[in-house]
Amino acid sequence: MKKVLFIILLIFIIYLAMPHIITDKNKVYLNVHEKLIVPNYKVKIFLLNTNKKTVITENVDSDKLGTYYINYKYGIINHLVLVKVVDKTHPYIEFCGPKNINLFDNTDFLNYKVHDNYDTNINVKVKKYKDKYVYILKDKSGNKSIVERKITNEDTLAPLIVAPSNIFINEGEGLNSNFYAIDNSKEKIKVEEKNIDLGVGRHILVLKAKDSKGNVSEKKVNINVLKKLKKGYIYLTFDDGPGDLTTPTVLDTLKERGIHATFFVTGNGSDSLIRREYDEGNSIGLHTMSHIYSNVYKDPKSYFNDLYAVRNRVYNITGMKSDIIRFPGGSSNTISKHYKLGIMSYLTKEVEDRGFRYYDWNINSGDAEGKSKEKIYNIVTSKLSHNRPNIVLFHDTKKNTMEILPSILDYAISNGYKFDTIKENDAEVKQRIFN
Ligand code: ZN
């Protein structure tokens, strides 16, 4: 009997003499993506703390569900702590569109996005009741969310007013307004417009539309009233420049006679020439930066990139944002058909909607087609008329133009013509559109 007691006592003493690792927790539940905090531990020998070194190893991937262990090692003694990475977060649903399902507005009850911290494929059940939709979401770990969405049946959508942002009319012309509105109620909606002053310049017209449920919408339209170009005047226009070898002489010729012109510039030539054109009182219009047909008429985006590029060039040089443009080849060009059918019909409307005005010509000097100086002189002088504004197309990049210009100007001056530039509020000059 004594022997047995002695053995029990001996085992107990050996047990106490062995190091014991004691941790705060023996199991850790970690929500997925949460950071692991390793539980604190103590090592005891004979019930006393020791502070000898314990090696802790763990291989927990908290971004992946699963069971892991933390191992505390002191000499030959190991102690394991279980770590379970679990998903405790509920999925949630985000509705696109109105808060309630509006039968009147045809709210799409299936237009939603589901979010979850872990699962990419969340099961969604949609149940329809008389007065609500219930969305039941469940992730793979069994986390559930139930969201209700009321069904209403009232008209909360305002009518949509259909009108361009910018409208151009010439002074003396009335506003031929074809504004209309569409509404979800299918009722006919009247568009109200306030009377505005139609003097030269830009005016804001406020349009209002209201449906029978009292939903109101408003749209502002810029009405640009333009001044007609003057009869018996010559509007010299020079495209494609500046040309470093030719534009300085063209500018000298104008300056000597106190005449101003309009330059539809490109990416060509020196900045200083655009500066000089501007400083000497000429008007600066935009022709496009590259003037490469296959590029500018490839699609509307390419055209506008090119247009805004030259607009920025002019702005950087002069500090002035030009809104007057001339299309490469004019609005009547057919070359654009090779790149995009119908693009001129589209662009001529779109430039106006963006607030630009475009100017074609009614006298083509023929200088771009390589005509002789004599030919250019004859064409221009024979077509000038006192009974209309004369918008003459030249290119200040052409040597023949530079050389014959003084004679043409002298002819015009001695025949009583006056000159002016094309300015922001001048009526557009439009040719027929063929593409
Ligand atoms: Zn051109």
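This is a predicted model: local features need pLDDT of at least 70, side-chain atom pairs count only at pLDDT 80 or more; totals for chains, interfaces and linings use all residues.
For a pair of helices, an axis is a line fitted to C-alpha atoms over the stretch in contact, and the angle between two axes runs from 0 to 180 degrees between N-to-C directions. Two packed helices are described by the angle between their axes and the distance between the axes.

Take helix α7, residues 373–383, and its partner α8. Their axes lie 9 Å apart, and the two helices pack at an angle of about 35°. The crossing in which α7 passes α8 is right-handed. On the α7 side, the residues involved are K373, I376, Y377, V380 and T381. Facing them from α8 are N400, T401, E403, I404, S407, I408 and Y411. Sorted by class, this contact contains 6 nonpolar, 4 polar and 2 charged residues.

A second pair is made by α3 and helix α5, the latter spanning residues 300–318. Here the axes come within 9 Å and cross at roughly 70°. Angles from 65 to 115 degrees count as roughly perpendicular, and α3 and α5 are therefore roughly perpendicular to each other. As with the previous pair, handedness can be given too: α3 passes α5 in a right-handed crossing. The residues that make the contact are D271, I274, R275 and Y278 from α3, together with V314, I317 and T318 from α5. By class, they split into 4 nonpolar, 1 polar and 2 charged.

Helix α2 brings α3 and α8 back into the picture. This helix covers residues 247–256, and its buried residues are T247, V250, L251 and L254. Around the helix axis they take up an arc of only 100°, which puts them on the same side of α2. What do these buried residues pack against? Their partners are β20 (233–239), α3 (271–279) and α8 (399–414). The peptide bond leading from G241 into P242 is cis, with an omega near -5°. After the helix comes G258, which has a positive phi, near 65°.

T288 is not a glycine, yet its phi is positive, at about 110°. Is T288 buried or exposed? The cut-off for a buried residue is 20 or more other C-beta atoms within 10 Å; T288 has 29 and is therefore buried. H291 belongs to the loop between β22 and α4 as well. Its phi is positive too, at about 60°, although H291 is not a glycine. Its surroundings give another label, though: H291 has 18 C-beta neighbours inside 10 Å and so counts as partly exposed.

Finally, N51 lies in the loop between β4 (48–50) and β5 (55–58). Why does N51 count as exposed? A residue is exposed if 12 or fewer other C-beta atoms lie within 10 Å of its own, and N51 has 7 such neighbours. N51 can also be placed relative to L10: 41 residues separate them in sequence, and the C-alpha to C-alpha distance in space is 26 Å.

Note on methods: Residues are numbered from 1 along each chain as its sequence is written. Helices (H or I, at least four residues) and strands (E, at least two) are DSSP runs, numbered from the N terminus. The arc is that of the directions from the helix axis to the C-beta atoms. Two residues are in contact if their C-beta atoms, placed from the backbone, lie within 7 Å. Angles under 35 degrees count as roughly parallel, over 145 as roughly antiparallel, 65 to 115 as roughly perpendicular and the rest as oblique. A crossing is left-handed if the near helix is turned anticlockwise from the far one by less than a right angle, and right-handed if clockwise. Ala, Val, Leu, Ile, Met, Phe, Trp, Tyr, Cys and Pro count as nonpolar, Asp, Glu, Lys and Arg as charged, and the others, Gly among them, as polar.
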